[in-house]
Amino acid sequence: MTSTTRLTVAQALVRFLAVQYTERDGVRQRLIGATWGIFGHGNVAGIGQALLEHAEEMPYLQGRNEQAMVHAAVGYARQSGRLSTHAVTTSIGPGATNLVTGAALATINHLPVLLLPGDIFATRPADPVLQQLEVPYAGDVSVNDCLRPVSRYFDRITRPEALIPSALNAMRVLTDPVETGAVTLALPQDVQAEAYDWPQEFFAERVWTVRRPGADPTELAEAVGIIRSAKRPLVIAGGGVHHSRAEEALAEFAEATGIPVASTQAGKGSLRHDHPQDVGGVGHTGTATADELARTADLVIGVGTRYTDFTTASGTLFGNPEVRFLNLNIAPFDGHKLAGQPLVADARSGLQELTDALRLHAYRVADPYATEYTEDKERWEQRVDACYEVDEPDTRPTQPQVLGALDEIADASDILINAAGSLPGDLHKLWRTRSHDQYHLEYGYSCMGYEIPAAIGVKMAAPDRPVWALVGDGTYLMMPTEIVTAVQEGIAIKVLIIQNHGYASIGGLSESVGGERFGTAYRFQAEDGSYTGAPLPVDLAANAASLGMRVLRAKTVRDLREALAEARAADTPTCVYVETQTADTVSGAPPAQAWWDVPVAETATRPSAVKARELYERHVSTRRRHL
């Protein structure tokens with residue numbers, strides 16, 4: 001007879017999660033490292049009570065904003081190589097719907113996170129109950145259904161015994177390198193508190209093996225033949241290189257073949273910046289070196305990339321009429337993109353197999369090609385030096401000079417986190433990565449407000465390393481609340497606030513597409529109603545200090561260098577605040593080296609929009625459908 005244990009659904013779920021493990025390459029670690037939670041009537045007597053009851057088995061973390069808790073969990077998961085993550089529990093209603101943005105970010109970036117929102121009563125003792133969305137055509141819909149399209153797996157647990165298959169499916173998806181993303185188990189508040197006799201086997205330790213599938217022999221042979229016939233091949237390294245921990249395999253492949261390696265935002269750092277084959281970021285925010293190689297490449301080897309529009313310059317970048325695509329990806333969906341030859345395999349396994357096969361044929365790119373990209377890379381590095389250079393250290397810095405000051409004090413242990421604004425473009429072009437996980441850019445969803453909570457998650461996964469959240473004033477105002485969490489828990493993140501009085505990135509984009517920077521500055525209204533008056537008297541440094549953070553103000557480049565060094569050495573949460581000047585032709589970041597499609601008004605009366613439309617049509621005419 002099977003032995004059972006009587007627990008509530010919430011208690012059983014917490015106990016189950018505490019004994020789930022992942023294993024890859026012989027390394028085993030806990031799958032759900034902790035549970036973040038904000039409690040309301042929808043989870044306080046269920047999951048909340050269960051976390052209290054089983055506090056020794058499942059660590060609890062207190063958050064201030066539901067979306068931010070997901071960001072923290074995602075940051076932890078990414079730093080952990082997707083082998084460990086956190087769960088997030090909320091009440092029903094706004095607490096649950098606040099999860100949607102975080103869930104979308106996790107799923108788009110293929111990063112695992114477990115969401116446990118409360119839900120309306122399954123037994124429907126009253127109809128409607130507080131925070132219930134009434135849908136006249138369906139009785140089984142709640143606000144949690146908003147999470148369906150942004151979750152890789154969704155279930156509503158309306159009976160205790162339904163938890164068993166649902167929990168197992170949730171773990172399957174979280175640990176699947178192809179399917180992983182946000183997983184949602186919606187928990188009606190009455191079901192959470194309902195008792196059931198659970199089979200003891202449900203609480204046995206389970207180890208979920210994270211697969212490293214090799215390539216199909218036929219696909220591998222075709223891939224080798226394609227590479228051997230290429231004269232100007234280029235590797236584009238995506239986030240899959242990092243997820244697979246394939247950085248060393250990529251370096252070995254590049255060194256054996258001489259093929260240059262460009263990187264997407266997610267893939268930057270796949271090779272160190274000083275590796276001979278690293279040519280920097282590619283696409284709209286990429287380097288001139290990488291983009292020119294992409295324009296002339298006869299073979300593009302995508303490794304773990306989704307080929308987003310920033311990477312392909314909205315279909316205008318790969319201009320060689322003979323260009324072909326070879327896509328090494330663990331996901332068949334991505335392997336077939338751009339009508340490419342798929343090589344469906346784990347990034348590390350596939351690269352190792354390609355390297356071994358190409359060595360047998362003694363394949364290597366021609367010396368003139370290697371000389372070309374090496375010299376181009378040296379010229380680009382000179383442009384980076386010019387951007388970082390400071391003639392007058394007692395003046396206010398430009399944004400690139402802020403990055404240059406951080407570059408001076410950083411080493412391979414530092415981790416930089418960013419997601420939105422003008423910083424991603426500058427970082428992708430200029431930052432010199434020193435380790436495979438130093439560059440943490442969330443650019444799949446480019447979610448403003450991600451940086452500070454994600455830094456908390458990253459610091460929890462890498463407690464001995466300096467972790468920097470780089471934020472502009474617009475991003476900071478979106479979600480500074482988790483500073484309180486960092487202070488409460490003593491998580492010594494470093495926050496670098498760059499004040500430029502508005503949405504600098506969108507302001508520049510608006511100007512380029514004829515929008516005249518409308519609605520993008522943080523200023524008072526002028527007499528004509530436009531936001532072109534004086535800057536707002538907002539003191540973000542004082543705000544950060546009011547939330548409990550130590551704040552260092554920097555007015556000049558000299559101040560900034562001192563403040564960054566002091567913050568880096570700090571063992572408490574510390575903020576560096578600096579106001580930047582407008583970039584000029586000497587110290588500003590280089591402009592975009594490739595196009596990005598943002599449609600411009602087809603008809604307009606304002607001259608700026610008319611001119612922008614003419615330029616837009618010229619760019620659109622170069623777009624290709626790779627077939």
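## Close-ups of a predicted model

**Arg82, tucked into a loop.** At 13% relative accessibility, Arg82 falls under the 20% cut-off, so it counts as buried. The model is a predicted one. You'll find Arg82 in the loop that runs between helix H3 (66-79) and strand S6 (85-90). Its phi is near 65°, which is a positive value in a residue other than glycine.

**Arg245, another arginine with positive phi.** Here phi is near 55°, again positive in a residue other than glycine. Arg245 sits in the loop between helix H9 (239-243) and helix H10 (247-257). Is Arg245 buried or partly exposed? With 28% relative accessibility, Arg245 counts as partly exposed.

**Pro128 and its cis peptide bond.** Look at the link from Asp127 to Pro128: that peptide bond is cis, and omega is near 10°. Pro128 belongs to the loop between strand S7 (113-119) and strand S8 (153-156).

**The whole protein, for orientation.** Stepping back, the protein has 24 helices and 23 strands. Its radius of gyration is 25 Å, close to the 25 Å from the globule rule for 627 residues, so the protein is as compact as a globular protein of that length. The C-alpha trace spans about 75 × 70 × 55 Å along its principal axes. Of the 627 residues, 57% are buried. Take the contacts between residues at least 6 apart in sequence: 77% of them join residues at least 24 apart. The exposed surface comes to about 25,100 Å², with carbon and sulfur atoms supplying 52% of it. As for charge, there are 55 positive and 76 negative side chains, and the centres of the two sets lie 2 Å apart.

**Phe253 and the largest nonpolar core.** Nonpolar side chains tend to be buried together in soluble globular proteins. The largest nonpolar core in this model has 52 residues, and Ile227, Phe253 and Ile301 are the ones that touch the most other members. Leaving out residues up to four places away in sequence, Phe253 touches Ile227, Val235, Ile259, Ile301, Leu351, Leu354, Thr355 and Leu358. Apart from this core lies another one of 49 residues, including Val70, Ala72, Ile456 and Ile493.

Thr289 is part of helix H11 (residues 288-296), and at 5% relative accessibility it counts as buried. Beyond its neighbours up to four places away in sequence, Thr289 touches Val279, Tyr373, Asp376, Lys377 and Trp380. Thr289 and Glu372 are 83 residues apart in sequence, yet 9.6 Å apart in space, C-alpha to C-alpha.

**His440 in strand S19.** His440 is found in strand S19, residues 439-441. Its relative accessibility is 2%, and it counts as buried. Setting aside neighbours within four places in sequence, His440 makes contact with Gly75, Arg78, Ile415, Leu416, Ile417, Asn418, Tyr450 and Val458.

**Helix H1, mostly covered.** How many of the 9 residues in helix H1 (residues 9-17) are buried? The count is 9 of 9. Reading along the helix, the buried residues are Val9, Ala10, Gln11, Ala12, Leu13, Val14, Arg15, Phe16 and Leu17.

Note on methods:
Residues are numbered from 1 along each chain as its sequence is written. This is a predicted model: local features need pLDDT of at least 70, side-chain atom pairs count only at pLDDT 80 or more; totals for chains, interfaces and linings use all residues. Side-chain values use heavy atoms; hydrogens and water are left out. Helices (H or I, at least four residues) and strands (E, at least two) are DSSP runs, numbered from the N terminus. The radius of gyration is taken over C-alpha atoms; the globule rule is 2.2 Å times the number of residues to the power 0.38. Buried means under 20% relative accessible area, exposed over 50%, partly exposed in between (1.4 Å probe, protein chains only). Contact means heavy atoms within 4.5 Å. Accessible areas come from the Shrake-Rupley method with a 1.4 Å probe; for residues, only the protein chains shown count as cover. Lys and Arg count as positive and Asp and Glu as negative; His and the chain ends are not counted. The place of a charge is taken as NZ of Lys, CZ of Arg, CG of Asp or CD of Glu. A nonpolar core is a set of buried Ala, Val, Leu, Ile, Met, Phe, Trp, Tyr and Cys residues joined through side-chain atoms within 4.5 Å.
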